[in-house]
Amino acid sequence: TGPFVLVTEPRFCGLLASQAIDGEKDRGSAAYEVVWTFDPNVVFTAIEYLMARFGVQRPEQREGFEALLRSSTPASSSLRLALAFMTKLTVLMQRQNVLEMATNRISSAISSSLELESILQSALEEVGGALKARRAALVLWEEGTSLPEGMTVYERHEQETHSAAVAGPDDENPAYDDSEHELNASAGLLEVPVTYRNTVVGVLAVEDDLPGRNWEDEEVRMVKTVSDQLAVAISNARLFRQMEMQAMTDSLTGLNNHRCFQSRLEHELKLADRHHHQVSLILLDLDQLKRINDTYGHMAGDAALCHVASSMQAEVREVDVCARYGGEEFCIILPMCNRDNALDVAERVRGAIASTPVPRIGQVTAS
């Protein structure tokens, strides 16, 4: 049993192919695998394949097979043209569907999360996969600058697996020039600025290594749509991050606030208990804050508090936690620090506060 090809009407074509299953004939009955389709692209691809196979393996049957094709395939050139057009249209529609589905998945990821790194990684994987690109990258500028804050990268491996990584601004990033703030679509490379409210916040770039790779209009539209979606996502994530910072930061001094201090202290105590380390705590008061406010005004009192905060931060390690406990009270959490070392730090902080005068006030001290 062999293939059977049929084209009966201008709007219909089909292919039915069958093959005997090995081993079934030994049981006294025949069983066949059957494949059928009405996809014009598949039908004509199968015809071409079978013609080539008959010509090589069974040349004596080629003429009979060609006669079968002629009897079942319309001879009208206009019909053949229509079928070819329908085949191309079907392929384009399938391609458009793939791009739209990828765009919808990106939109869903953006609406379900405020974790910027996760959003960017998912978006690049979708873009790179849908466009079958060699690599894709998104360079994110620091707010209000054209300096790179970081870069998220997608790259298609030889095994057709996908990977994504986040690189810092010191990595060897490709140079993306956004001076024109315009789309750049050249052979093999597609660059789109990520713009939010007329401000460029980054660049989305897609690259392919196929010779003569040209970007179709729907591919460019997809990348531009994703760029617009990511611009909103980046803005929302930054706003959320800013609100989180404000919730944990003292607005006057920039130190951790009381709420953050309590959370960090509990965390450091648990770590110290688990790893059998010591943790120390310094409590500090600015002396005579009420007198400073009454004599020089509250702006001078605020300047004195900021002076204490900056002096504290200058004398501690990066792992230490400086916080404003409330009013004129401050705290320093010192992980992996014993009592004697904590006393040395406290004395250095006290000396730093007293050694530098505050404008309009002069020397201030802390206890």
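**Strand 9 and its neighbours**

Q: Over how many bridges do strand 8 (residues 189–196) and strand 9 pair in the antiparallel sense?
A: This is a predicted model, where local features need pLDDT of at least 70 and side-chain atom pairs count only at pLDDT 80 or more, while totals for chains, interfaces and linings use all residues. Residues are numbered from 1 along each chain as its sequence is written, and side-chain values use heavy atoms, with hydrogens and water left out. Strands (E, at least two residues) and helices (H or I, at least four) are DSSP runs numbered from the N terminus, and two strands pair if DSSP finds at least two bridges between them. Here V192 sits opposite L204 in strand 9, and the antiparallel pairing of strands 8 and 9 covers eight bridges.

Q: Which residue of strand 9 stands opposite V139?
A: Strand 9 also runs antiparallel to strand 4 (residues 135–141), with six bridges joining them. Across from V139 you'll find V203.

Q: Why is strand 9 largely enclosed by the rest of the structure?
A: Buried means under 20% relative accessible area, exposed over 50%, and partly exposed in between (1.4 Å probe, protein chains only). Strand 9 spans residues 199–207, and it's largely enclosed because the buried ones number seven of the nine.

Q: What is the relative accessible area of R197?
A: R197 is in the turn of the hairpin that strands 8 and 9 form, with two residues between them. Its phi is positive, near 50 degrees, though it isn't a glycine. R197 is exposed, at 70%.

Q: What is the phi of H276, roughly?
A: Look in the loop between helix 6 (258–275) and strand 10 (279–285) for H276. H276 counts as exposed, at 72% relative accessibility. Although H276 is not a glycine, its phi is positive, at about 60 degrees.
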